[in-house]
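These are my notebook entries on one structure, written down in the order in which I looked things up.

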Amino acid sequence: MVKSSLLITTLLLTVSSAKEPSVLLQKNCLACHREQQIPSELIYRRYLMKYSTHNNIKKQLLSYLKAPSPKTSIMPKQFFLKFPQKKALDLNETILKESIEAYLDYFDVRERLKLQETNITLTN
């Protein structure tokens, strides 16, 4: 009985943890990041450590994506020796905001914490 409940829990968590990026996020952000091997999760973590709230991160990302420059970037100068400087996106503000929201939702650590919390609760 215990083995079967652990197996079911593991399967449910595996299925629910396989979060796929939205089409908007894939098209406007992740396609270039993956092609240029830019670590999206690392960038998200840096924003999270510096700005801490969803709204603050969103404001800073929007500001940076409208007029990208090393001075306004959260990444250190050495980052730009390895990766190209971001060019301004040719997106209207609504799509840009939706893309940022999708980016933040996709990399949101709170969702991962909820998943781990659920795992602890279900296996006890």
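**Entry 1: contacts along the chain.** I began with contacts between residues that have a separation of 6 or more, and I found that 70% of those in the protein chain join residues 24 or more positions apart. I note here that the model is a predicted one.

Entry 2: Which pattern does the protein chain follow when it is read along the sequence? I read it as α-α-α-α-α-α-α, and my tally for the protein chain is 7 helices and 0 strands. I then looked up burial, and buried residues make up 28% of the 124 residues in the protein chain. The accessible surface of the protein chain comes to about 9000 Å², and carbon and sulfur atoms hold 59% of that surface.

Entry 3: I then followed Y103 by itself: when its neighbours within four places in sequence are left aside, Y103 is in contact with L25, S40, I43, Y44 and L61.

**Entry 4: the largest pocket.** How much space lies in the largest pocket? I wrote down about 510 Å³. There are 24 residues lining this pocket, and those closest to its centre are H33, I38, Y64, L65 and K86. Helix 2, helix 3, helix 4, helix 5 and helix 6 are the elements that give two or more residues to the lining, with the largest share, 5 residues, coming from helix 2. When I sorted the lining by kind of residue, I got 16 nonpolar, 5 polar and 3 charged.

**Entry 5: two positive phi angles.** I next looked up residues in loops, starting with Q37, which sits in the loop between helix 2 and helix 3. Its phi is near 55°, which is a positive value in a residue other than glycine. Is Q37 buried or exposed? I count Q37 as exposed because its relative accessible area is 65%, and the cut-off for exposed is over 50%. In the loop between helix 3 and helix 4 I came to S52, whose phi is also positive, at about 60°, although S52 is not a glycine.

**Entry 6: two pairs across the sequence.** V23 and S99 are 76 residues apart in sequence, yet their C-alpha atoms are 9.5 Å apart in space. I noted V23 as exposed because its relative accessible area is 70%. The second pair begins with S63, which lies in helix 4. Here S63 and S73 are 10 residues apart along the chain, and 9.7 Å separates their C-alpha atoms. With a relative accessible area of 44%, S63 goes into my notes as partly exposed, since that value falls between the cut-offs of 20% and 50%.

Methods. Residues numbered from 1 in each chain as written. Predicted model: local features only at pLDDT ≥ 70, side-chain atom pairs only at ≥ 80, totals over all residues. Heavy atoms only, no water. Contact = heavy atoms within 4.5 Å. 1 Å grid on protein atoms, 1.4 Å probe; cavity = no way out; pocket = protein on both sides within 12 Å on 5 of 7 lines; lining within 4 Å. Points joined across faces, edges and corners; volume = space filled by probe spheres on them. Helix = DSSP H or I, 4+ residues; strand = E, 2+ residues; numbered from the N terminus. Nonpolar A, V, L, I, M, F, W, Y, C, P; charged D, E, K, R; others polar. Buried < 20%, exposed > 50% of the residue type's maximum accessible area, 1.4 Å probe, protein only. Areas by Shrake-Rupley, 256 points an atom, 1.4 Å probe, with all protein chains shown as cover.
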